Amino acid sequence: MAHAVTAADTLEEKLTQELGYDDHFHEHHHGDKFQSNFLTTYIFSTDHKIIARQFLITGIFWAFVGAAMSIVFRLQLGFPEADMAWLKPILGKWITVNDAGIGKLDPEFYYSLVTMHGTILVFFVLTAGLSGTFANLLIPLQIGARDMASPLLNAFSYWFFFLAGVVMFLSLFLSTGPFSGGWTAYPPLSALPQASDGSKAGMTMWIVGMALFIVSSLLGGINYITTILNLRTKGMNMWRMPLTIWAILVTAILGVLSFPVLLSGVLLLMFDRSMGTSFYLSEIVVGGQILDRIGGSPVLFQHLFWFLGHPEVYIIILPSMGIVSEVLSVHARKPIFGYRAMIYSILAIGFLSFIVWAHHMFMAGVNPFISNFFVVFTLIIAVPSAIKVFNWISTIYGSNFRFNAASLFAVGFVSMFISGGLTGIFLGNSAIDIQMHDTYFVVAHFHIVMGIAAFFGMFAGIYHWFPKMFSRFMNETLGKIHFWGTLIGAYAIFWPMHYTGMAGVPRRYYSIENFDSFKHFVDLNKFITVAAIVVFFLQILFIINFFYSIFSGRKLTVKNPWGSNTLEWTTPIQPGHGNWPGNIPTVQRWSYDYGKGGEEFIPQFVPLKEGEHDHGH
Amino acid sequence: MGAIPSPEYNQSKILPQKLALWVGIGSMVMMFAAFTSAYVVRRSAGNWLEFKLPDIFFLNTVVIVMSSVTLHYAYTSFKKGKEKWYKGLLIATFLLGILFVVLQYKGWQAMTDIGATFTVNPSSSFIYVISGIHAAHVLGGIAALIVAMVHAFVLPFRPTARRRQRFELVCQYWHFVDVLWIYLIGFFLTQS
């Protein structure tokens, strides 16, 4: 690492040398012992940038698996009469071919697919894949740190996630099939192996996988919080931090406080399954046999599950909100509108997320009087959410907007968040929930507001920071096709589900063709399935673009391709271990000085001019 | 541990590892808060077997409080450079820690003897599970104490800032599992 004192040929290098913080980094490592061979560089790395890429690529793998599963069960829903024998080479015995040679998807396996699709997408893709990627990549780079507080724990965080994935993946190949009781794993179905095939070894592996995943998530979260609170560079006070970091901080706090509660719930479930306790079981008849397990309460598990489960949906959406705020501001070339309001909204959403969990249980026998309390707090979440939406729109309003894949996905996020958020107001009312619960209306709501929206935020982040991650750009044309196709396709999939849901079509059913009242939805279901298949292939286009661009994308030739203010763009084009070869830049201003005083952008390391006011403070 | 940045450019004075441990303690608190609130919710639903907690658990409370005291004095001895006291009190803490786990086991046996078995009713199941998971956390603390003892007996005695910080992490965690147990025993007492 030859970097002692080189000629300062740009303003940035000059300022970093003069004002930057010298932490004697270069004196600690003679040569780079952490990146000495392929294995330590790319596999067992403790460098946060590599770990971020590991999370991202593992997340992409899981997204592919989870999406492929949804295509299989969408085929069953859209074309229940169709011959699925062609899937036999992949799904094996889960396709039953009858005498006429017509292949049918095994109903038990249909439930497994739905369950695994939920588990994989919620936890492995939109929690680990999203938070893991951007927290690891952006925290040290944007706050000006050499690495995470504990790079070793950070690496453990990834490897626990990897192990969780291995366990979950292997459960797909069990002879009794993976867990099939829904991603929420409600007892008694999940607690009694005799209740269904999926509740046998599949459920045991699901629990083990989830326990490993929770460990991963806690190790990561502890690290993110510590790093953000403790390792910010000089001048980077909390009110100068980019909104990405604020969002990730609150996400990590939510995770650290809520995942242990799920762990408690899952541990009790484990004891019920294997040690004969009755925390969740009482007076059950299964298979004509009366069990002697009494005294438990299945609703107790729902309380413990949703105490995590609700913060979990904000764990999914907050990083995307942070990414979108940053990407919109950079590409609108305007400061983010209402920076402080954005932060207070994030904090408010984080706080409220802990006191609304029972809105998932309105129909589970919860006292209707107590439900009122949860209705009110649920609806209050609309306020900080609306503030954020208003601010995003105001940020791009009247701007000289740069339309590229990253910024388009950020705008798409706002669109999805509005559409999905509005249906949340319906579902948050316990009275309307009597009609709507467990229908496709719910499916449409959460897929749009936290599924598609979180994905859009993730795509915006990937297109925006791809140059930082791989020193190359992704293909813009393919990116724009990806965006428009996915935007239209996602609405085509989920918009019609609102209508089927309002008519009462229940979710998770293997088939609705036997119900007279739903007969007229047969064509609509076909349409949804076709749209889902199109969107699926568009995501494959994205994956091709992603991997092709890693090796052959257009090369990054300047440090700061987007003209962005944040510190990650002051690192070398291919940042090494420690991120900055010499001094760490110090921060002189907030991160959103775009179009100020006649200048297009003023990076964070540029000192304030005389009499200039810092907005962040 | 890789590139832990030098503390000198920390804005706050707290050591990153200590802050990380505090955050970790926060998440452990949430886990036990979940267990104890599950206990309350489940108890209020009725069908609840009442039984008297065996006295051995109270004896045990004394043991773990004592271990915290010995560890605290091991730490002050370390700071004052009293090597013998430091080493002796560290061993005493370790033995008290082991004694705590053994006595917990005896306590579970005593519960089984009076008919409050693991599976008879959630009221006893909860005690086994909560105190068992607490004991697992104590075992983690004992592992940390073993590391501290290796430092004490293998390395030459030198009360450097780095050694002190490492020892402080052990103390922080051990006092946490102590306070956690005091909370749990108090909870069991007020609830049963």
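Tutor: Chain B holds five helices and zero strands, where helices (H or I, at least four residues) and strands (E, at least two) are DSSP runs numbered from the N terminus, and along the sequence the pattern reads α-α-α-α-α. This is a predicted model, in which local features need pLDDT of at least 70 and side-chain atom pairs count only at pLDDT 80 or more, while totals for chains, interfaces and linings use all residues. Residues are numbered from 1 along each chain as its sequence is written, and chains are lettered from A and ligands numbered from 1 in the order in which they are written.

Taken along the principal axes, the C-alpha atoms of chain B fill a box of roughly 60 × 35 × 25 Å. Of the 192 residues in chain B, 34% are buried; a residue is buried if 20 or more other C-beta atoms, placed from the backbone, lie within 10 Å of its own, exposed if 12 or fewer, and partly exposed in between.

As for the backbone, most residues other than glycine have a negative phi, and most peptide bonds are trans. In chain A, however, a cis peptide bond with omega of about 5° joins Pro187(A) and Pro188(A), and Pro188(A) lies in the loop between α7 (151-171) and α8 (201-230). Ser471(A), in the loop between α16 (440-470) and α17 (476-502), has a positive phi near 60°, and Ser471(A) counts as partly exposed because it has 16 C-beta neighbours inside 10 Å. Arg508(A), placed in the loop between α17 and α18 (522-552) of chain A, has a positive phi of about 70° although it is not a glycine.
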